[in-house]
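Dear colleague,

I am passing on the structure below, and I would be glad if you could look through it alongside my notes.

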Amino acid sequence: MSDQHPAAGLDETVHQRHRLGILTIAAEAGQVDFGYLRRTLDMTAGNLSRHVTILDEAGLIDVEKGYEGKRPRTWISISPAGRKALAAELAALRALVAAVEGAVPAIRPRTT
């Protein structure tokens, strides 16, 4: 049995909340439009673009640019490595929750 705490299994690239959101939405949808991600995650285009770049450089997503009619579009899909990283992150989160639930007594509000 490992002596590492379950939190040690969290991946900094994946765990950041916006990047985790991008990966989970892409995993659910298969392929998702940049604008949909921006609206759904309530992000600015610049902020989303930076997180997409980080995930793309890590090989966790695939980015496809093209046109829909005359409008430029960007589509994001999760890569096989991204699916593996997301599964590992979810497993680490489950282990973390299980560890906390097993170790922490019921939390009672403080009375003063």
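This is a predicted model: local features need pLDDT of at least 70, side-chain atom pairs count only at pLDDT 80 or more; totals for chains, interfaces and linings use all residues.

Residues are numbered from 1 along each chain as its sequence is written, and side-chain values use heavy atoms, with hydrogens and water left out.

Helix α4 comprises residues 45–57 (helices are DSSP runs of H or I with at least four residues, strands runs of E with at least two, numbered from the N terminus). Its buried residues are Leu48, His51, Val52 and Leu55 (buried means under 20% relative accessible area, exposed over 50%, and partly exposed in between, with a 1.4 Å probe and protein chains only). They cover an arc of only 100 degrees around the axis, which puts them on the same side of α4; the arc is taken from the directions from the helix axis to the C-beta atoms.

The buried residues of α4 pack against α1, α2, α3, β2 and β3, contact meaning heavy atoms within 4.5 Å. After α4 comes Gly59, with a positive phi near 80 degrees.

The open sheet has three strands in the order β1-β3-β2, with antiparallel pairing (two strands pair if DSSP finds at least two bridges between them). Eight bridges join β2 to β3, and Asp62 has Ser77 in β3 as its bridge partner.

Best regards

Notes
The expected span of a helix is 1.5 Å times one less than its number of residues.
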